[in-house]
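Please look first at how the two chains meet, and then at how the elements within one chain are arranged. The paragraphs below take these topics in turn.

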Amino acid sequence: MDKILRIDVGAQGGPKATVEPVGDYAGMGGRAMTTMVVFKEVPPDCHPLGPENKLVISPGLMSGSAASSSGRLSVGCKSPLTGTIKESNAGGTAAQALGRLGYAAVILEGERQGDDMYKVFIDDQGVKIEKANDLKMLPNYDLIEKLKPVYGEKVSVISIGTAGEMRFSNSSIAVTDPEFRPTRHCGRGGVGAVMGSKGIKCLVVDASNAKMRQPVNPEAFKESNRKFVEGLKQHAVTGQGLPTYGTNVLTNVLNEAGGYPTYNFREGRYKHHQTLSGELQAETMKNREGGQPTHGCHRGCAIQCSGIWTDKDGNYMTKQPEYETVWSHGGNCGISDLDAVAKLDYLDDNYGLDTIEMGVTIGVAMEAGVIEFGDAEGAINLVHEVGKGTPLGRILGAGAATTARCYGLERAPVVKGQAMPAYDPRSVKGIGVTYATSTMGADHTAGYAVATNILKVGGDVDPLKVEGQAELSRNLQVATAALDATGFCLFVAFAILDQPETFSAMVETINGMYGLSMTGDDVVALGQKILKMEQEFNKKAGFGPEHDRLPRYFSREPLTPHNVVFDVPSEELDKVYNF
Amino acid sequence: MSYTADFPEPYDKALGNLPLMLMRHDAPELFSLLLQGGFLMPVPEPCTLREFLCELVGVCGVYTEKTIQTIFLDGLAIDDLDTALIRPGSRLALSAAMPGLAGATMRRGGYYRKMREGISQRSLESAQDQAKDPFRLQVRLYNMVGRDLAGLFLHQGILTPSSDFRQFLMSQPQKFFDHLHAVELDGVSLPSTQESVGSWPLPDEDLGLRVAD
């Protein structure tokens, strides 16, 4: 990956593509690349939908190689939802395709001229950009159907739905999966709106004539990748739990912990949790024609945590909804029907919406009395309102914080304008620290369970002491930032957390690919570098420690069943960035 | 898990003197959706979690240490099987290791357990301090643990509301009944086909259920 594709959307006569050497960005990939480009090239005080903002699309460092589970694609920009720097990533096939074609990044920049929409076609012969007004306001699935006869089903598509075209703060960027469906989404932070503001409807990437990226040290790469896959397969989470049940295996357990936010974060348990569980989801998929509980979102993934959800008659409905989606549209809204959740998931994917933000927004709307908690049909109608851009839909499409403001509610479960994911921070306070302090707004993936015990980021932490939540969160955020640069899926975290030999195999796979002799310390240094750039950007964009807080009501309203509040002191939160 | 005997004698042979259903079924893991919903199990007296698992259920050693990685007792995350006390009114949930930071945080003795210090079990009460009376423990088995231990728990016998049991049976596909070879309710044989489930004379309240192949 030695080149960068820049598309100036404001060029005379329509968007113009320029390919340049990777230059100063050499060695960067994924989140490291998106963050560095935004940090260096985007004025922090710009409007996210203005000409100064840029959309950076970057495959991870290992994408396009034979390394297992390395198909993550990062998208970065200044976020329309949070006003902070943003990196949002997804699986699917596009990262591998871009990687194989040698692109370390695609950067959309400049000021859109007129109202035309464009499509970008990238293959081994170069780049073509064409006017595509026939694709205007097509939802993602309809778009894919229209592209299929032109490009076949072997290409990868990166696209926006109607939400992105209307530049809603909750709008995602879709990536096609191996079945050529737009099911994988860079969901968080409204990145689709930035793509929409650049007038680009989709990028079609055809890597069918491009070979897999070859490692500098093939023998070392092959051997370490073998050990890495072995480690993933033998671990209870990556080898059994995720392939069998998917991420929704968490529903029962979070509910048992009293940390499953229900009825817009009013309660910590949902009485109908069994009807939404991963166990039921997996059984249902096994028993329905066409259903598939174990499936990879991209080729070469050893974990296979995804799946395919069909209706009672065996018709495709959507991919297996993730835990976050089942929670946000299900338990958080008092909806206990997996088929209704699947329908909502499909609509989110089709219109191009982040399922977490959309579900939380509907929860806020339910609290405001727009519809009743538990009203599945009402929720489906609300998503249609967003997708069609009705006046109500435009409010909801702006996210949970805006919706709460419009209805005069304090109870908006957001940090820096971004909706909280499916773990109540009053029960799992350490996650609350990450929600509060992440450079991205409330984000459960910003501080993941990434081998901080092995990396010793910032030294050893005594897990028995009550103090030190900030230190743990910081270490996790540093390690996660580094992993987000590699293109490896975050789910490798569990195997590398528990099995030092699998962590070593992962690092050695990177070393074999690039001919490096990187150590754990280098991984930490990379993570710290990324976080520092992000924090510096946010500071210049007007964010200080006072923004690294949860909404006050999380400290005031006890959460049942444990009657706990979020009581991590502000001084502790302020220590997160002491490095 | 392997069995040591055909219908071994459980602690409470009569399963609370409830109507007793015996099923001959050779794929007990297919009951796991029933077990995730919760059931009751007779316990002779308060005991530690390890004693309950090892002595009453028969789950000991490697499986306990390696696979049962996430445990909640009364909604509190458990780190130590030897100090966690099962007593009247207790609610127990057993699960394998979970994904995500939340999963790692909830894990027994895990590196990130500090992140859930507000919901970790702290009580170090002793079983000695409890009245030695029998009681019924509420149990939920989740994910791989539900599949793996279904046979053992069902072999010992569980108590479940009839309505839950009927609802569970009615939702099962033909595959479930392909593994069902015989059914008895209080010693009376019942037809074991999918179509016949609606006509089974299940009691209005709870029933005892034991399953063996």
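**From the interface into chain A**

The side chains of Arg147(B) and Glu283(A) meet in a salt bridge, with 3.9 Å from N to O. Because Arg147(B) belongs to helix 5 of chain B while Glu283(A) belongs to helix 9 (residues 278-287) of chain A, the pair joins two chains. The model in which this pair is found is a predicted one, and the distance is a value computed from its atoms. A further pairing of side chains is that of Arg107(B) with Asp498(A), which meet in a salt bridge at 2.6 Å, again taken from N to O. Across the interface of chain A and chain B there are 3 salt bridges, and the count over all chains comes to 38.

The size of an interface is often given as the accessible area that is lost when the parts come together. For chain A and chain B, about 4,100 Å² is buried between them, and 63% of this area lies on carbon and sulfur atoms. To the contact chain A gives 51 residues and chain B gives 38 residues.

Arg147(B) also has a part in a contact between helices of the two chains. Two packed helices are described by the angle between their axes together with the distance between those axes. The axes of helix 7 (residues 236-245) of chain A and helix 5 (residues 143-156) of chain B come within 9 Å and cross at roughly 95 degrees. An angle from 65 to 115 degrees counts as roughly perpendicular, and helix 7 of chain A is therefore roughly perpendicular to helix 5 of chain B. From helix 7 of chain A the contact takes Gln240(A), Thr244(A) and Tyr245(A), and from helix 5 of chain B it takes Asn143(B), Met144(B) and Arg147(B). By class, the residues of this contact divide into 2 nonpolar, 3 polar and 1 charged.

Helix 7 of chain A also packs against a helix of its own chain, namely helix 6 (residues 218-234), at an angle of about 55 degrees and with the axes 4 Å apart. These two helices of chain A, helix 6 and helix 7, are therefore oblique to each other. Gly231(A), Leu232(A), Lys233(A) and Gln234(A) make the contact on the side of helix 6 of chain A, while Ala236(A), Thr238(A) and Gly239(A) make it on the side of helix 7 of chain A. The contact of helix 6 with helix 7 of chain A has 2 nonpolar, 4 polar and 1 charged residues.

Chain A also holds an open sheet of 6 strands, in the order 2-1-6-3-4-5 and with mixed pairing. Strand 2 (16-21) and strand 5 (85-90) of chain A stand at its edges with a single partner strand each, so one side of each is left without a neighbour in the sheet. From one strand to the next the twist averages 20 degrees. Strand 1 (residues 3-8) of chain A runs antiparallel to strand 2 of chain A and is joined to it by 6 bridges. Lys3(A) stands opposite Pro21(A), a residue of strand 2 of chain A.

Two loops of chain A hold backbone features of their own. Asn264(A), in the loop between helix 8 (250-256) and helix 9 of chain A, has a positive phi of about 55 degrees although it is not a glycine. Pro561(A), in the loop between helix 22 (553-556) and helix 23 (570-573) of chain A, is joined to Thr560(A) by a cis peptide bond with omega about 0 degrees.

Technical notes
Residues numbered from 1 in each chain as written. Chains lettered and ligands numbered in written order. Predicted model: local features only at pLDDT ≥ 70, side-chain atom pairs only at ≥ 80, totals over all residues. Heavy atoms only, no water. Axes fitted to C-alpha atoms, helices over the stretch in contact; angles between N-to-C directions. Parallel < 35°, antiparallel > 145°, perpendicular 65-115°, else oblique. Contact = heavy atoms within 4.5 Å. Nonpolar A, V, L, I, M, F, W, Y, C, P; charged D, E, K, R; others polar. Pairing = 2+ DSSP bridges. Buried area = accessible area lost by both parts, 1.4 Å probe. Salt bridge = Lys/Arg side-chain N within 4 Å of Asp/Glu carboxyl O.
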